[in-house]
Amino acid sequence: MPPLSIPADQYLRLSDKSQVRCYRSHFSDRMEMLAPPKNVAAYLDHHQGWFQRCAAPMEVKALDDQSYLLTLGRFGNFGFEVEPCIGLKLLPQQQGLYQIINVDLRHQDLPLCDHYDVDFKAGLKLEPSETEASNTVQQTTIVNWDLDLSVWIQLPKVITLLPDGLVQTSGDQLLRQIVRQISRRLTWKVQEDFHATHGLTCPPRRHAAF
């Protein structure tokens with residue numbers, strides 16, 4: 001049970017126990033869409049269609065018209081494994097700007113949900129651009145995105161016996177692995193899905209910036 005001085009929904013975030021570790025990272029990348037910003041915005045606005053297609057093979061469940069429950073897969077370190085879930089809410093665009101935030105999942109009764117907590121804040125910005133092809137100038141769109149991610153994990157006591165630096169570094173590396181694996185796949189699939197559904201040739205995959 002969390003101490004009475006710490007609200008139950010904030011226990012991991014506010015706890016000073018050695019078993020609770022916090023890992024934070026910032027990520028950013030971009031993708032090119034061979035269409036004007038208004039076409040890209042219309043596609044992104046109707047996420048009920050593309051989000052579940054592009055998130056596969058992750059398990060996705062719609063919670064409401066704007067929110068989804070994602071099961072990210074099984075990850076672990078030092079023999080401690082969890083299958084984390086995250087609730088994401090896709091907020092309506094504001095003049096070409098999009099935000100994705102996490103939603104509370106405590107009422108979902110998920111396995112080991114009291115052993116981790118996630119603070120997910122992502123932003124997408126549409127920027128008009130141009131590309132030249134076959135001696136013609138085509139209006140395109142660059143989608144820039146960034147993500148601030150914090151994860152709190154309550155580790156087994158045996159892991160806290162290891163050197164602090166090793167536990168922190170290994171956790172940071174695991175967090176980057178998870179984000180790299182999921183975000184790269186999702187970015188590519190959104191790019192491919194947009195061009196496929198609009199009958200356009202998709203630009204070649206580019207190396208991620210992280």
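The largest nonpolar core in this predicted model holds 48 residues. Trp50, Phe51, Leu70, Phe120, Leu147 and Leu149 touch the most other members of that core. Helix H5, residues 164-197, gives the most to this core, with eight residues.

**The core**
- Phe51 is one of the residues that touch the most other core members.
- Leaving aside residues up to four places away in sequence, Phe51 touches Val60, Tyr68, Leu70, Leu88 and Leu90.

**Helix H2 against helix H3**
- Helix H2 covers residues 37-45, and helix H3 covers residues 47-55.
- Their axes come within 6 Å and cross at roughly 75°.
- Because angles of 65 to 115 degrees count as roughly perpendicular, H2 is roughly perpendicular to H3.
- H2 contributes Tyr43, Leu44 and Asp45 to the contact, while H3 contributes His47, Gln48, Trp50 and Cys54.
- By type, the residues of this contact are four nonpolar, two polar and one charged.

**Helix H2 against helix H5**
- The axes of H2 and H5 come within 11 Å and cross at roughly 110°.
- That angle makes H2 roughly perpendicular to H5.
- On the H2 side, Asn39, Val40 and Tyr43 meet Val190, Asp193, Phe194 and Thr197 of H5.
- The residues of the H2 contact with H5 divide into four nonpolar, two polar and one charged.

Note on methods. Residues are numbered from 1 along each chain as its sequence is written. This is a predicted model: local features need pLDDT of at least 70, side-chain atom pairs count only at pLDDT 80 or more; totals for chains, interfaces and linings use all residues. Side-chain values use heavy atoms; hydrogens and water are left out. Axes are lines fitted to C-alpha atoms, for helices over the stretch in contact, and angles run from 0 to 180 degrees between N-to-C directions. Helices (H or I, at least four residues) and strands (E, at least two) are DSSP runs, numbered from the N terminus. Angles under 35 degrees count as roughly parallel, over 145 as roughly antiparallel, 65 to 115 as roughly perpendicular and the rest as oblique. Contact means heavy atoms within 4.5 Å. Ala, Val, Leu, Ile, Met, Phe, Trp, Tyr, Cys and Pro count as nonpolar, Asp, Glu, Lys and Arg as charged, and the others, Gly among them, as polar. A nonpolar core is a set of buried Ala, Val, Leu, Ile, Met, Phe, Trp, Tyr and Cys residues joined through side-chain atoms within 4.5 Å. Buried means under 20% relative accessible area, exposed over 50%, partly exposed in between (1.4 Å probe, protein chains only).
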